[in-house]
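Please keep the coordinates open alongside the text.

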Amino acid sequence: MKAAILTDLTKCVGCEACALACKEINELDRTSANNLLTAYTWSAVENRKGVNIRRQCMHCEEPACASACPVTALTKTPEGAVIYDGHKCMGCRYCMIACPFGIPKYQWDKAIPVIQKCIFCYEKALQKGEQPACTRACPTGATIFGERSALIAEAQRRMAAQPQAYVQHLYGLREAGGTSVFYLSAVPFADLGFPANMIEDPYPRLTWKVLNKIPSIVTTGAAFLAGLWWIVNRRIKLQESPEERS
Amino acid sequence: MKFRLPKPTFWTFVLAAIWAAGLFSTLYRFYYGLGAATHLSDRFPWGIWIGFDILIGVGLAAGGFAIAATVYIFNLKAYKPIARSTILTAFLGYVLVITALMFDLGKPYNVWHVIIMWNPHSVMFEVGWCVMLYTTVLFLEFLPVVFERFRLERWQRLFHNITIPLVIIGVLLSTLHQSSLGTLYVLVASKLHPLWYSGMLPVFFFISAIAGGLAMVIFESYLSARAFGKELEHALLVNLSRVIAVVIGIYLVLRIQDMAGRGALNYIVDGSAESIYFLVEILLGFVTPMVLFFIPRVRANKAWLFFGAVLVLFGFIMNRLNVAITGMTRYSGVDYLPSWMELAVTLSVVAAGIVAFRFAVKFLPVFGANEELGVHPPPLIAAGRSGRRAMAVLFAILLLLVAGLGWSLIMHKPNLAPPAPDPAKPLAAESLSYPAPIAFTKAEASPGQVTFNHESHVDQAEPNCKGCHAGLFSVRPPAAPAGQAAAAPTGVGHTQCGTCHNGEKAFNYEESCDGCHISTE
């Protein structure tokens, strides 16, 4: 199964139960603020324009962070989670630059820091077939866990059933080539601080288009340079001793 | 060889001050972490250690592969006198880049992971490998100088035989990672300002690195000539300046063309901070030196030649900093300025490069291959002789630039303005749907059943859940067996309700039991 999360912002009451449940299961510092994603808050609830907005990793289908990581510390699992291995990480922070949603955070206060972000409770729940702590904790059903295609269908059903209650935009369906975390809202997403100028192709394809040319650049380049050297040298030699011409 | 301490000069003290600050910053950074030593943050994770030390350090070392290719592949032996010092500059440049990287990496001791944990989809992976390999190649390219110094003739002959393959590998590796530093930013399509973001970034980074690298050769030769009292290979450098002018010309045309294609020209004139940085970069850093280098009388003058090279270096540095910092500022929402410790480390690294270069020159025959000095360099580009054709090229490029700017003025349509903020929309009361009334489990001694109703407890004017949840009352429903409704919450008592039912915010629970406990009898 491909796991996903659907967050219906119209149902969120801002109780921060998801944030606290996340800190509990991941043993994070509970004293840090719940309204901003940091290395110590992987699930946050922000209030903008009276709307409670749950923030977390989008778990992209083709994650930019995983493609950016030079040492495969970030990977997309078959279940849908984007997970992180701090032992592999060398701390280049290219994932932070790469993520179009600005999700990976860094332990700036540590002498030996690692990247931190929501990992879909991968080892503690998802791998055992359970739902993550946040959706389990949600008292209003604003953020729910389910099969990816089933949640997309559910979101589309809600938008069709109450067209006046929602903007007709399922955030995450196309953004960055599709994610595993979806949002429904009554207010346009651009007004809620969701990145607006997203491209709808997966981000890793942008760089892959360049990187996949490397083998041909190397082979053609080597042949070209070697050939050039040979021609130039031969011409110089012939000029110096024309009798070699035969 | 006797080693004598040089007499302290003004620059000795400057160096000592820089290194003292650098040493302090180093200890501070590794003991207290990146957050304490730098102005980096979650919103701005890459600062000058990446933007300056890495992007610019690698770019300015590009002279190494350009000159190596000129001398060994194009076989223009006239350039041999500057080959050694250029390769030395490049080698030191790369060593310093790797040093600076160790400061920026959160776990520098894991840097070798890139060798065994492959991710071919990562640009950073490719840059890592290329830098690693090319630094090795530069080391091997420079080794013959060391062999010459210690008269290891057998080794010299051995290395002579592998020069050409080494140079070819070096050119290929350089082409790859010079461009890949640009590819790093191809991934940030929705973050980097459209004045700099382009799918062509790898091409731009490569071309501008050639211009910057060659300008660095002029800059370094000029300073070396002054510092070490050696004769300046002026004729060679003049030829280089012509090459730079043509390279910049190609670069500018490609960039303007690309911006026109992306519809980004209007950003040049929208008056934003980015547009000013862009104009300074392009006009002062690229157009001005190109014009200067196209004029034969100007480039023949040593001081003007040096000045032009400085301008190219300025343009190159501006470009990299604009990509890494200026262009990322709007998205990040913070104004990043490096901390003094970031600057101290950067300065220390640059100073270390200068000192290492001086030492190498002192103890190794870096300028030793000067016997061919008498050879007059053949013109690299035949068009330059009369200057007329060069001027035609220059005017064509300028015309294109002016046309591009004019077009952008006509098409002026700033659309970068942030969306106008809506008046704050309070959560409409009718859109709230409260949970069903909650019947708490009745204790033995309780005078009556308590049923909690959300509707009477939420301030309708300012609906807000955080006053009670999740601090006071857990919102985690007790685990219920599958298929059954969640059990009624337990463990709620006078302590919690009494937080508000204390006679101040609401009636005192001690005074009125039947306010909450409804007796069914």
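## Surroundings of A:Arg54

Beyond its neighbours within four places in sequence, A:Arg54 is in contact with A:Ile5, A:Thr7, A:Leu9, A:Cys18, A:Ser43, A:Ala44, A:Val45, A:Cys134, A:Thr143 and A:Tyr183. The model from which these contacts come is a predicted one. A:Arg54 lies in strand β3 of chain A, which covers residues 51-55, and A:Arg54 counts as buried because its relative accessibility is 2%, where the cut-off for buried is under 20%.

Two of the listed partners can be described further. The side chain of A:Ser43 is joined to that of A:Arg54 by a polar contact of 3.1 Å. A:Tyr183, for its part, is 129 residues from A:Arg54 along the chain, while the C-alpha atoms of these two residues are separated by 9.1 Å.

The pair distances mentioned in this report are collected below.

| Pair | Kind of distance | Value |
|---|---|---|
| A:Arg54 and A:Ser43 | polar contact between side chains | 3.1 Å |
| A:Arg54 and A:Tyr183 | C-alpha separation | 9.1 Å |
| B:Asp104 and A:Arg93 | salt bridge, N to O | 2.9 Å |

## The contact between the chains

Chain A contributes 72 residues to the contact and chain B contributes 65 residues, and between them the two chains bury about 5,900 Å², of which 63% is on carbon and sulfur atoms. On the chain A side, the residues that lose the most area to chain B are A:Met90, A:Ile97 and A:Trp108, which together make up 13% of what that side buries.

Which polar and charged pairs does the rule find across the interface of chain A and chain B? There are 24 residue pairs in polar contact, counted where both residues have pLDDT 80 or more, and there is 1 salt bridge, in which the side chain of B:Asp104 meets that of A:Arg93 at 2.9 Å, N to O. The elements of chain A that each supply at least two residues to the side touching chain B include α1 (17-25), α3 (94-98), β6 (105-106) and α7 (214-240). The largest share of that side, 12 residues, comes from α7(A).

## A nonpolar patch on chain B

On the surface, B:Phe150, B:Leu152, B:Trp155 and B:Leu158 form a nonpolar patch whose accessible area is together about 410 Å². B:Phe150 sits in the loop of chain B between α7 (123-149) and α8 (153-161), and because its relative accessible area is 49%, B:Phe150 is classed as partly exposed, given that exposed requires over 50%.

Definitions and conventions
Residues numbered from 1 in each chain as written. Chains lettered and ligands numbered in written order. Predicted model: local features only at pLDDT ≥ 70, side-chain atom pairs only at ≥ 80, totals over all residues. Heavy atoms only, no water. Helix = DSSP H or I, 4+ residues; strand = E, 2+ residues; numbered from the N terminus. Buried < 20%, exposed > 50% of the residue type's maximum accessible area, 1.4 Å probe, protein only. Contact = heavy atoms within 4.5 Å. Polar contact = N/O pair within 3.5 Å; in protein donor to acceptor, adjacent residues only side chain to side chain. Patch = residues over 30% accessible without salt bridge, like charges linked within 9 Å, V, L, I, M, F, W, Y side chains within 5 Å. Areas by Shrake-Rupley, 256 points an atom, 1.4 Å probe, with all protein chains shown as cover. Salt bridge = Lys/Arg side-chain N within 4 Å of Asp/Glu carboxyl O. Buried area = accessible area lost by both parts, 1.4 Å probe.
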